[in-house]
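Biologist: Please take me through this model step by step.

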Amino acid sequence: MKLLEPTQIGEYRLKNHMVMAAMTRSRATEEGIIQDITVTYYAQRASAGLILSEATNISKDAIGSPFTPGLYSDRQVEAWKKVTQAVHEKGGVIFAQLWHTGRVGHSLDRSNKLPLAPSAVAIEGAQHFTSEGMKDYETPRAMNKEDIKQTILDYRQAAVHAMEAGFDGVELHSANGYLPQQFLSDSSNLRTDEYGGSIENRSRFILEVMHELTDAVGSEKVGIKISPLGTQNGIRVDDPVATYNYLISELNKMDLAFVEIARANPKSSLPSGYPRQDEIELFGKLSKNTVVANSGYDRESAEAELEKGTASLISFARLFLANPDLPQRFSQGAELNEPDRDTFYGGDEKGYTDYPFLKEGS
Ligand SMILES: Cc1cc2nc3c(=O)[nH]c(=O)nc-3n(C[C@H](O)[C@H](O)[C@H](O)COP(=O)(O)O)c2cc1C
């Protein structure tokens with residue numbers, strides 16, 4: 001099957017068309033340093049064509065949740081080197097996902113500093129997981145021009161650190177309601193300067209970050225994840241089709257490694273004005289960059305998506321979480337392990353490195 005055939009992105013030969021999607025697992029130390037168990041976890045999954053690391057904080061200001069790793073201190077970079085080396089020894093390719101959570105955080109886990117966001121608009125009707133349990137969202141501090149400039153430089157520095165740590169490239173996390181998508185969204189961006197208002201202005205932050213990243217490490221080593229119809233973390237865009245048409249057309253001017261498109265859950269209710277159309281059809285078709293399709297794929301639907309021809313790669317999150325040898329299982333049409341939600345975030349090897357591999361000869 002196509003899914004299991006080798007392919008190429010930029011200079012990288014991938015063993016197959018299967019990508020392990022980014023997954024936060026909250027098993028780093030309080031200082032955002034990944035531990036040896038994380039080396040095992042990624043090495044176990046190195047048969048993926050491409051691994052996208054869990055979202056990784058670009059700075060202290062970026063932190064949204066406790067025990068998530070970073071790429072801003074030397075010790076964090078040193079620790080990641082063990083992961084990239086282990087993945088490379090098994091012939092894998094791994095990109096670091098760069099994360100700034102913006103308003104999706106809490107001062108409790110940010111040295112008592114309020115989260116930064118495009119505007120002082122809190123997420124309503126939801127709570128945030130903190131080191132002291134679930135808490136209401138706070139009203140973030142609106143970023144001034146200096147904050148924006150510094151944040152873009154923090155992305156650059158994190159990308160440079162990622163390459164020092166041996167990653168093969170970086171992915172900007174511009175999905176799921178985190179800082180880049182907060183700039184794009186009418187519900188979280190009320191700015192009246194050149195970063196707010198029109199579609200061009202609301203896209204400016206993402207495009208400036210992307211230019212900074214491509215300048216720092218080379219465009220063929222930079223990807224981006226978007227969730228055009230996603231409403232996670234209080235996101236609502238007045239005209240998602242026009243907004244993402246513009247964003248994708250601007251990304252087309254950069255020769256990127258890939259654009260990963262996370263589809264909205266077909267069961268979730270969408271705001272009025274949102275099209276009920278498949279995002280790969282709607283937006284993937286516009287992309288001149290390689291499209292990675294994400295969300296809800298299994299063996300058959302992934303293969304069917306590749307056959308359609310718009311997406312060149314398929315990323316799997318929960319299936320890779322629970323099945324370290326997912327390509328082999330797909331190859332044999334074998335049974336899959338079920339992901340255990342209770343061990344998604346935090347804890348030890350349980351639900352992390354102890355999912356069984358297929359037995360020899362099965
Ligand atoms: C435990 C868990 C953690 C996740 N963390 C991240 C993350 O750090 N960055 C990200 O872009 N998406 C994250 N996601 C979303 C996945 O990358 C993916 O978009 C989503 O699970 C849909 O893919 P799937 O249907 O193959 O699981 C996470 C998903 C899960 C289940």
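Modeller: Helices (H or I, at least four residues) and strands (E, at least two) are DSSP runs, numbered from the N terminus. The model is predicted: local features need pLDDT of at least 70, side-chain atom pairs count only at pLDDT 80 or more, and totals for chains, interfaces and linings use all residues. Residues are numbered from 1 along each chain as its sequence is written, and side-chain values use heavy atoms, with hydrogens and water left out.

Biologist: Where does valine 222 lie?

Modeller: Valine 222 belongs to strand E11.

Biologist: Is valine 222 buried or exposed?

Modeller: Valine 222 has a relative accessible area of 0%, so it counts as buried. Buried means under 20% relative accessible area, exposed over 50%, and partly exposed in between (1.4 Å probe, protein chains only).

Biologist: How many residues separate valine 222 from histidine 173 in sequence?

Modeller: The two are 49 residues apart in sequence, and in space they are 11 Å apart, from C-alpha to C-alpha.

Biologist: Which strand does E11 join, and over how many bridges?

Modeller: E11 is joined to E12 by four bridges, and the two strands run parallel. Two strands pair if DSSP finds at least two bridges between them. As an example, isoleucine 224 has valine 259 of E12 as its bridge partner.

Biologist: Why is E12 described as largely enclosed?

Modeller: Five of its five residues are buried, and therefore E12 is largely enclosed by the rest of the structure. Its side chains point two ways: Phe258, Glu260 and Ala262 to one side, Val259 and Ile261 to the other, and all are buried.

Biologist: In what sense do E12 and E13 pair?

Modeller: Strand E12, residues 258-262, pairs with E13 in the parallel sense, over four bridges. Within that pairing, isoleucine 261 stands opposite alanine 293 of E13.

Biologist: Which way do the residues of E13 point?

Modeller: Val291 and Ala293 point one way from E13, while Val292 and Asn294 point the other way; all are buried.

Biologist: How many bridges link E13 to E14?

Modeller: E13 and E14 are joined by three bridges and run parallel. Alanine 293 stands opposite isoleucine 314 of E14, and valine 292 stands opposite leucine 313 of E14.

Biologist: Which residues make up E14, and how do they point?

Modeller: E14 covers residues 313-316, with Leu313 and Ser315 directed one way and Ile314 and Phe316 the other; all are buried. E14 also pairs with strand E3 (residues 18-20) in the parallel sense, over three bridges. In that pairing, valine 19 has serine 315 of E14 as its bridge partner.

Biologist: Let us turn to the ligand. Which residues come nearest?

Modeller: Ala22, Thr24, Asn294, Gly296 and Arg318 come nearest, out of 17 residues around the ligand. A residue is near a molecule or strand if one of its heavy atoms lies within 4 Å of it.

Biologist: What distance separates arginine 318 from the ligand?

Modeller: A polar side-chain atom of arginine 318 is 2.5 Å from an oxygen atom of the ligand. Alanine 22 uses its backbone instead, with an N or O atom 2.7 Å from a ligand oxygen. A polar backbone atom of glycine 296 is likewise 2.7 Å from an oxygen atom of the ligand.

Biologist: Where is asparagine 233 found?

Modeller: Asparagine 233 is in the loop between strand E11 (222-226) and helix H6 (240-251). Its phi is positive, about 60 degrees, although asparagine 233 is not a glycine. At 16% relative accessibility, asparagine 233 counts as buried.

Key. A polar contact is a pair of N or O atoms within 3.5 Å; within protein, one must be able to donate a hydrogen and the other to accept it, and residues adjacent in sequence count only if both atoms are side-chain atoms.
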